[in-house]
Amino acid sequence: MTLQRRLIFAVLLAAPLAWLITIAGTYWRASHEINELYDTDMLRLAQQTIAVAALIPASATSVPAPVPARSPASGDYGDAGLGDLSVAIWRNEGAPLVLDPEALQFPRAAEREGFVDSIVNGVPWRLVYLDDPSGRTRVAVGQRVGERNDLVVAYIASQIVPWLVGLPVLIVLLIIAVRRAIKPVHDLSHQLERRSPDDASQLEIADVPGELRGLVKAMNGLLARVGALIEQERRLTADAAHELRTPLAALRAQWDVVQRTGDPAQAQLARTSVTRGMERLDRLVSQLLTMARLDSTNHSGFDRSVDWRAVAEQAVGDCLWIADRRDIDIAIEWPEAGVLPLPMAGDETALTIMLKNILDNAIRYGPRHSQVRLKFSAAQITVDDEGQGIAPEILPRLGDRFLRAAGNEESGSGLGVSIARRIARNHGMLVRFSMREAADDFGPGLRVSIMRGA
């Protein structure tokens, strides 16, 4: 069920329910007010009757017959219903001094005082009994309960009729108001439906109702992230196409040499070049796949502590072949006993790739017959080499995709450091590059530091 239908259904249910509750409350209040009014009048009438009864001679046993309810010769009595209100007076233990015929029905009820609801000849009456201070005179004033109910019903009926006319109008107005209130949601939905998949422009927020601004801001944030991801994929695709074109062209050229040359030495040299090109292509494709996987994944909420010794062992093992080829020693330094190296939670497989890429770069681009140091401490991990370092203008750009310094004899794709930085960022860490001074215990060279982010 749509939100609009839910709101309309709620209006159709709530409006009549509120109307019924209002009518019930009005009925209860009207009954209370009418009872209060009539009870006050009856008590006042009983008090006045007690006062008048004192003027009746003690020898009197009856009073003159009451005046007829309607007497054309006596004037207009309006809509008075004299049969609904009666007064009875008792003197000592004698018969009642009847002021109107209905009072003959009232019981004396000598033990009662005050208001009493009673059934008189099958008709509900409300009676009030009052005695004079001497106890010789007793007065009863009674009113038919139906008179009060008739007045309450007449009052409620006067309220119900306007409500019956106005309720449908109110419901229609509420439904129109609901439709107008939901219209911004429909407009936003239609705006999103008409967008092209690669449109990451921000949604307008100026005319959006306050209740929807949080949603629109969240959507704009999502669109910004989607746009960045699309742009990232486009850049990766373009860069990958550019980087793959070079080794493929070289492989094609060397393969043509193998096919056409008759010189065994030249053919062997071409085969060697093809082998090296295949290795470079394999490395490039592997790193492209790793980078694509990292770009599409946002690691968070790691719940497993990192065993840096296992990570270092695996990363160094993966780099031994290139270290042996270049005759480079890898030294690992651990913190003193009792100090954990960079305690944190994370994905050990990804961290192994991060550390391997940094070590691989240090081995590939450091001088032959040198040393690379991997040092762990409680606050950071550092990788030092004994190379000439990086030009100052290149140093800030390290980590950009496909960036490679000129003059390197080793093949590469420029993705290794970028992958390492992305893995570090997913774990809340930073990768920083700096040049060591000659006074350092390891001598001058490039230092890569891995530490927790700010």
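A: Start with the contacts, meaning heavy atoms within 4.5 Å: on the H6 side, Ala350, Leu351, Ile353, Met354, Asn357, Ile358 and Asn361 meet Gly416, Val417, Ile419, Ala420, Ile423 and Ala424 of H7. Keep in mind that this is a predicted model, where local features need pLDDT of at least 70, side-chain atom pairs count only at pLDDT 80 or more, and totals for chains, interfaces and linings use all residues. Residues are numbered from 1 along each chain as its sequence is written, and side-chain values use heavy atoms, with hydrogens and water left out.

Now the geometry. Two packed helices are described by the angle between their axes and the distance between the axes. Helix H6 (residues 348–365) packs against H7 at about 145 degrees, and the axes are 8 Å apart. Those axes are lines fitted to C-alpha atoms, for helices over the stretch in contact, with angles running from 0 to 180 degrees between N-to-C directions. Helices here are DSSP runs (H or I, at least four residues), numbered from the N terminus.

As for cover, H7 (residues 416–426) has nine of its 11 residues buried, where buried means under 20% relative accessible area (1.4 Å probe, protein chains only). The buried set is Gly416, Val417, Ser418, Ile419, Ala420, Arg422, Ile423, Ala424 and Asn426. After H7 comes Gly428, with a positive phi near 75 degrees.

Thr49 counts as buried because its relative accessible area is 8%. Setting aside neighbours within four places in sequence, Thr49 is in contact with Val87, Ile89 and Val139.

Definitions and conventions
Buried means under 20% relative accessible area, exposed over 50%, partly exposed in between (1.4 Å probe, protein chains only). Helices (H or I, at least four residues) and strands (E, at least two) are DSSP runs, numbered from the N terminus.
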